[in-house]
Amino acid sequence: MDRSCVLLTGGSGFIASHILDTLLARQYFVTVTVRSEAKGRQIISTYPENVADRLSYVVVEDIIRDGAFDLAVRCRPFKYVIHTACPYHVNVTDPFNDFINPAVKGTTGILKSVEDYGPLAERVVLLSSFAAIVNPSNHSKVYDESVFAETTREEAMSERLAYRAAKIYAEKAAFDFMSAAERKFDLAIINPPLVFGPASRHLKTLESLNESNRRVRDMILGEYRSVMPPTGSFVFCDVRDVAEAHARALEVPEASGQRFFVVGGHFSNKRIADAIRASRPGMADRLPPENTPDDLPVDVYGWDNAKSRKVLGMEYRDLQTCVEDTVDSLLKIGDVGV
């Protein structure tokens, strides 16, 4: 049983909250970075005392500040670091300052802090994204870790594509940092697509739900009863599997220097609705009609998660399980009239 110390940045985020659960279940001592004292206290308050004893937090208000993570890295003898802190905005006004600059400076900032102040650190795991793999204007027949997304400056500065560009540039910055000199630690990268799954344990209202789960929330609230919005991206992963991949990437020696495309399968909004209908038939009148067309293309790009299965030993939850558990968690949080 490894009781080493792990630093987890962006600790109040959706994916990070599940990584935290996974790490604590493995008996790690974990320090999370948060943007305020209130968020740190809220996270700790959700765990029983015997678990909270292995959990602490450090406030990092602005990840783009020089040396933003220095204090966090110095506060414990961390063996591992997981970096998830990255902004996400729905209403983008300034692509560079809303997405790109924080993503890149946050990534290089944590790596530099670990290099300067983490003498015992052995590995950093970076949460990246399918956005750093996919090329929407020229899809690969099958996507895996060997595919790298490309972007132009014009695309990066567009409000619609800024998040994708931020993930591309942040991942490239991480690889560039690691290759620029001999480092005392190594790097592994996790690339999930759209992530669904049970809401964070510290979430109090459905209003503050993470962006991906909002489409499930809106379905059970009847928002899509008349008009089903386009799906967009057609691959998903359960958040618990994404969290498990991060933990295994810390522990498996062969993960060193690798990126992993963690994916559970194809999905569409129609298939989410069908999964809800199958598990909760009483909600049928809130959902789009059963004969609603499925916008999953017949020739949709494929996916290959063989590397994560072989190297990390991953197994993945299917869409039905993921959606059922997501709905159950949302019903426990808010009044949806059921």
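At 26% relative accessibility, Asp274 counts as partly exposed, where buried means under 20% relative accessible area, exposed over 50%, and partly exposed in between (1.4 Å probe, protein chains only). Lys270, with a relative accessible area of 11%, is buried. Asp274 and Lys270 form a salt bridge, with the closest N and O atoms 2.7 Å apart; the term stands for a side-chain nitrogen of Lys or Arg within 4 Å of a carboxyl oxygen of Asp or Glu. Because they sit four residues apart in helix α10 (residues 269-279), about one helical turn separates Asp274 and Lys270. Helices (H or I, at least four residues) and strands (E, at least two) are DSSP runs, numbered from the N terminus.

A word on where these values come from. The model is a predicted one, in which local features need pLDDT of at least 70 and side-chain atom pairs count only at pLDDT 80 or more, while totals for chains, interfaces and linings use all residues. Residues are numbered from 1 along each chain as its sequence is written, and side-chain values use heavy atoms, with hydrogens and water left out.

Searching the whole structure turns up 19 salt bridges. One of them pairs Asp186 with Arg123, whose closest N and O atoms lie 2.8 Å apart. That pair ties together distant parts of the chain: Asp186 belongs to strand β7 (residues 186-191) and Arg123 to strand β5 (residues 123-127), 63 residues apart. Asp186 counts as buried at 19% relative accessibility, and Arg123 counts as buried at 6%. Elsewhere, a network of salt bridges links Arg26, Glu244, Arg248 and Glu251.

Next comes strand β9 (residues 235-238). Val235 and Cys237 point one way from this strand, Phe236 and Asp238 point the other way, and all are buried. For Asp238, the relative accessibility is 0%. Asp238 also forms a salt bridge with Arg240, the closest N and O atoms being 2.8 Å apart.

What does β9 pair with? Strand β8 (residues 194-196) runs parallel to β9, and three bridges join the two; strands pair if DSSP finds at least two bridges between them. Phe236 in β9 is the bridge partner of Leu194. Strand β11 (residues 265-266) runs antiparallel to β9, with two bridges joining them, and here the bridge partner of Phe236 is Gly265. Together, β8, helix α8 (residues 214-220) and β9 make up a right-handed β-α-β unit. Right-handed here means that, with the strands pointing away from the viewer, the path from the first strand over the helix to the second runs clockwise.
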